[in-house]
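This briefing is organised by topic and is meant to be read alongside the sequence and the coordinates. Please keep both in view while following the points below.

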Amino acid sequence: MTVKVLKVKGTLLIPPDAKGIGRAARIIRRGGLVAFPTETVYGLGAAATCEEAVSGIFAAKGRPADNPLIVHVSSLDQVRQLAVDIPSTAFRLMDRFWPGPLSLVLTRSPEVTDAVSAGLPTVALRMPAHPVALGLIRAAAIPIAAPSANRSSRPSPTTACHVLEDLAGRIDAVIDGGSCAIGVESTVLDLTGLRPVILRPGGVSREELESLIGPVETARLKNDTAPLSPGMKYRHYAPLAPLILITGTPRRRAALIRSLTSAYRKRGMNVGLLSSPHQRKRGKNEIARMLYSALRRMDSRGVDIILAEGITTRGIGEALMNRLQKAALRVIKT
Ligand code: TXA
Ligand code: MG
C-alpha cells in the first residue's frame, strides 16, 4: 500500500503516528513551523531555542511582536533550563495540574530568547496533556514555543482543518490529531509577584487552583497601566460578523435574544445564535469544546450578526465568558 502525503498549498498534513511525529520533530529541529494538537487548542510550534524560528511564528500568524509565547515542555529538566528562582508553589501546581491546561509565568533564565518573551523578564511554561504534543516535544528533544495556531485575532483552532483555513501555505506542516478535548486555551497564572495572578482564565478553573494554593487574584486591563499580559490588550477570538453578548438572568437574556432576532431578521439579516434552550441543557465542557468551531462556522455561513448568551462564571464558565467578552463588539446587560 502506498501512503500519499497530503499537502495543502505547500503545507504538509502529517498523521499523528510515531513516523509522523518523527518527521514533524525533524522539521522543528531544522527551524521550521509545525502546528500540532494539544488538549486545549492547536499550537503553532517552533524551536524555542532558535530566535529565527520563533520570529517565523510571529510572521505566519501576523502576531504583534510584543505578545510573548508559551513554551511547551515535556520534563521538569526543561523547566529548570528555562526558568530561575522557581517558587515552591510552582512545583505544587505542576505536580497537580501537569500535564494539563495550566501555563505558569516564571522568571526566565538566560536560555530564553527575547523573541519568545517579547522582551519581558518572564517566561510562560506549560506541559500539555496530549500524547501527540508530548511525543513531539520528546522527539524534538527541545522545548517548543507555541501560540495558538490561528491568524492573529481569529478564533483559536480546535481541528487541523481550522489550522489550514488560517495558515495553509504559511507554515511547513500540521499534525492532524482530530478535535481538541477541552476547546479553550490554558489558564495563564503569573507566579512572579507576591500573590498568584490569573492573567487569562482557561482550562484549569479558579476553584481548582484555589483549592490547592489559596486565593488567586485576577489581572484586570486598565487603560492607564501597562497590561501584565500583553495578550490582554488585543481583541481576540473574533469571528468576522459582529458579536453581541447578552448577559443577565436566563429569562431576560432569552427574551432579549428573541426580540433582537426577530428585529434583525425583519431587516433581512442572517442571524447566528450562540444560544438556545437546547444549548442551555448542555454542560459547560461541551460548550467549551464547540465554541471556537461554532464561531468559525458563523463566518463560513455568511452570518451578518451573532447573538451570544452569557453563562455563569463557575468552573470553565469563567474562561468561556472571557473569550465571549473578547470576541464581542458589544455587551448588553439585561
Ligand atoms: O492552551 C494554550 O495555552 C495554547 C496551546 C497551544 O498551548 N496556547 C496559547 O498561546 O493559547 P497564545 O499565544 O495564543 O496565548 C498565550 C497567552 C497570551 O495572552 C500571552 O500574552 C500570554 O499567554 N503570555 C505568554 N507569555 C507570557 C509572559 N511571559 N508573561 C505574561 N503573559 C504571557
Ligand atoms: Mg491565541
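In this predicted model, the side chains of arginine 126 and glutamate 39 meet in a salt bridge, with an N to O distance of 2.8 Å, where a salt bridge is a side-chain nitrogen of Lys or Arg within 4 Å of a carboxyl oxygen of Asp or Glu. The pair links distant parts of the chain, 87 residues apart, with arginine 126 in strand β8 and glutamate 39 in the loop between β3 (34–36) and β4 (43–47); helices (H or I, at least four residues) and strands (E, at least two) are DSSP runs numbered from the N terminus.

Residues are numbered from 1 along each chain as its sequence is written, while chains are lettered from A and ligands numbered from 1 in the order in which they are written. As this is a predicted model, local features need pLDDT of at least 70 and side-chain atom pairs count only at pLDDT 80 or more, whereas totals for chains, interfaces and linings use all residues, and side-chain values use heavy atoms, with hydrogens and water left out.

**Salt bridges**

- Arginine 126 counts as buried at 2% relative accessibility, and glutamate 39 counts as buried at 6% (buried means under 20% relative accessible area, exposed over 50%, and partly exposed in between, with a 1.4 Å probe and protein chains only).
- The whole structure holds 12 salt bridges.
- Glutamate 309 and arginine 253 meet through their side chains in a salt bridge of 2.9 Å, N to O; glutamate 309 lies in strand β16 (residues 305–309) and arginine 253 in helix α9 (residues 250–266), so this pair ties together parts that are 56 residues apart in sequence.
- Glutamate 309 is buried, with a relative accessible area of 7%, and arginine 253 likewise counts as buried, at 10% relative accessibility.
- Salt bridges that share partners join Arg154, Glu165, Asp166, Arg296 and Asp299 into one network.
- Within that network, glutamate 165 forms a salt bridge with arginine 154, the closest N and O atoms being 3.8 Å apart.

**Surroundings of ligand 1**

- Of the 27 residues around ligand 1, Thr40, Asn67, His72, Ser186 and Arg200 come nearest (a residue is near a molecule if one of its heavy atoms lies within 4 Å of it).
- Polar side-chain atoms lie 2.5 Å from an oxygen atom of ligand 1 in the case of serine 186 and 2.6 Å in the case of asparagine 67, while an N or O atom in the side chain of serine 148 is 3.0 Å from an oxygen atom of ligand 1.
- Taken alone, ligand 1 exposes 680 Å², of which the protein buries 96% (accessible areas come from the Shrake-Rupley method with a 1.4 Å probe).
- Strand β8 (122–126) is one of those that supply at least two residues of the shell, and β8 gives the most, with four residues.

**Glutamate 185**

- Glutamate 185 lies in the loop between β10 and β11 (187–190) and counts as buried at 3% relative accessibility.
- The side chains of glutamate 185 and serine 156 are joined by a polar contact of 2.5 Å (a pair of N or O atoms within 3.5 Å; within protein, one must be able to donate a hydrogen and the other to accept it, and residues adjacent in sequence count only if both atoms are side-chain atoms).
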